2 protein chains.
Amino acid sequence: MPRAGLTRQKVIEKAAQLANEKGLAYVTITTLADYLGIRKPSLYYHVESLEEVFEELMIYGWKHVSEEIILELAGLEPHNALREFGWKFYRYAIGNPGVFEAMLWYNRYGKEEMAEATEGLYCFWFDQTDRLGITRQIANHLLRTYRAFLEGFILLEINHSFGNPISIEESFAVSLEILIRGMEQYENTGNENGETLHQKI
Amino acid sequence: MPRAGLTRQKVIEKAAQLANEKGLAYVTITTLADYLGIRKPSLYYHVESLEEVFEELMIYGWKHVSEEIILELAGLEPHNALREFGWKFYRYAIGNPGVFEAMLWYNRYGKEEMAEATEGLYCFWFDQTDRLGITRQIANHLLRTYRAFLEGFILLEINHSFGNPISIEESFAVSLEILIRGMEQYENTGNENGETLHQKI
DNA sequence: ATCGTAATTCTAACACTGTTAGGCTTTTCT
DNA sequence: AGAAAAGCCTAACAGTGTTAGAATTACGAT
């Protein structure tokens, strides 16, 4: 039997593909092995368990979305930057629904790799809130607000949980305006020098 | 062998208990049968499948949360009503995490029973938005905003996905202020008479 | 070139799921 | 009391993730 020439990286990438095509729940040891053209037990040479595959998918997703977002949002006015941040995240998640589902498990595993993958996002966020004169204390709360909304909204969309026929994109647009306008009440109340960077959400 | 004297209702209630104690993922045919003191196949006399159990849990949750919320929020000023709505939902979900997880699947099954269970919530929502002079069109968008944030935030909390040690309740409080302040930009722009009631979200 | 070793894939088997088939008791109704 | 239905059981099946261990393939040094 000829070898498949697999590597851990390729396994994860294929898993990402499969998850995006058929949903994360479809990714099992069986289906993934099939998709890779090998037998189930052979997978365990590259990966420790199914759970580890999901964990890697999570890191994979946050790494990619961080890169995309940070690269393209430098130099925007804070409000616009935050709006575009929302849209970029949204488009990535809708375009990669399976990987997004895995991203939801962030912090379930306390890995260093995760901190590295998202460090750029934190910097970006606190950069904007600093420029808006928002306390670091509040900025941390607002980050949770933003994250909760984004992940919640996209999860609902992916699960087809919006029954109403009105435009989902329009709902998302309105929601961003709500958030951006809502945080104005906390602007220009903060110190110049933030407390600590590299916070977890 | 003496009978357990079970009924469909009791099975669902026990499933809810189990889900809240150990998490929804812990609820399986095996564990549930064990918890009820019967053998696995006996469950199928009361219930069609495991998926049906989850579906019933979802309806169960929405029914309960609707009742709680609507009963206690009559007569409040709209902004306060919305704030209290958020808190009531939050406390219910945190107090019943397993049932809440099942509630996330809303609209995955297009059941009539679901529409009935949540009808009260819709009425409550549109009652508040009407009084604030918000268009029904916008009110539908805002409902999605609110729902996405609530479900997203609670899901993150339940999954222990907030790594930062700062107070989660305070984050929730700040978030509600964001939402309530944010929607002011859409107030007093609507007609007196709403379009249609009983909309899906 | 060839031998030894390590890397990669395999088959076989295990414990665990949800689910179905069919038998045996207990309850309920006439 | 007798018939019918309801409620629970044991036995078995196909599917899952996972482990053990044998069989190949590839590679590096002699």
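**Exercise 1. Relation of the two chains**

Task: Determine by what turn and what shift chain A can be laid on chain B in this predicted model.

Solution. Step 1: superposing chain A on chain B takes a turn of 180 degrees and a shift of 0.0 Å along the axis. Step 2: the RMSD of that superposition is 0.1 Å. Step 3: in general, a rotation about an axis and a shift along it relate two copies of a chain. Step 4: the two copies here are therefore related as by a two-fold rotation axis. Step 5: the same surface serves both copies, since 100% of the contact residues of chain A recur in chain B.

**Exercise 2. Layout of chain A**

Task: Describe the secondary structure of chain A and its division into domains.

Solution. Step 1: chain A has nine helices and zero strands, and its pattern along the sequence reads α-α-α-α-α-α-α-α-α. Step 2: its C-alpha trace spans about 65 × 45 × 25 Å along the principal axes. Step 3: the division gives domain 1 (1-47) and domain 2 (55-186) of chain A. Step 4: the C-alpha centres of these two domains of chain A are 29 Å apart. Step 5: seven residues from domain 1 and nine residues from domain 2 of chain A make up the contact. Step 6: on the side of domain 1 of chain A that touches domain 2, five residues are nonpolar, two are polar and no residue is charged.

**Exercise 3. A helix crossing in chain A**

Task: Characterise the crossing of α5(A) and α9(A), including its handedness.

Solution. Step 1: the axes of helix α5 (residues 78-95) and helix α9 (residues 168-182) of chain A come within 10 Å and cross at roughly 145 degrees. Step 2: this crossing of α5(A) and α9(A) is right-handed. Step 3: α5(A) contributes A:H79, A:L82, A:R83, A:G86 and A:Y90 to the contact, and α9(A) contributes A:F172, A:L176 and A:I180. Step 4: five residues of this contact are nonpolar, two are polar and one is charged.

**Exercise 4. Surroundings of DNA strand C**

Task: Identify how many residues surround DNA strand C, and which elements give two or more of them.

Solution. Step 1: DNA strand C is surrounded by 21 residues, the closest being A:A4, A:P41, B:T28, B:I29 and B:P41. Step 2: the elements that give two or more residues to this surface are α3 (40-43) of chain A and, from chain B, α2 (29-36), α3 (40-43) and α4 (50-72). Step 3: the surface near DNA strand C divides into 11 nonpolar, five polar and five charged residues.

How values were computed: Residues are numbered from 1 along each chain as its sequence is written. Chains are lettered from A and ligands numbered from 1 in the order in which they are written. This is a predicted model: local features need pLDDT of at least 70, side-chain atom pairs count only at pLDDT 80 or more; totals for chains, interfaces and linings use all residues. A residue is near a molecule or strand if its C-beta atom, placed from the backbone, lies within 6 Å of it. Helices (H or I, at least four residues) and strands (E, at least two) are DSSP runs, numbered from the N terminus. Ala, Val, Leu, Ile, Met, Phe, Trp, Tyr, Cys and Pro count as nonpolar, Asp, Glu, Lys and Arg as charged, and the others, Gly among them, as polar. Domain bounds come from an automatic or database domain assignment. Two residues are in contact if their C-beta atoms, placed from the backbone, lie within 7 Å. Axes are lines fitted to C-alpha atoms, for helices over the stretch in contact, and angles run from 0 to 180 degrees between N-to-C directions. A crossing is left-handed if the near helix is turned anticlockwise from the far one by less than a right angle, and right-handed if clockwise. Copies are superposed by least squares on the C-alpha atoms of residues with pLDDT of at least 70 in both.
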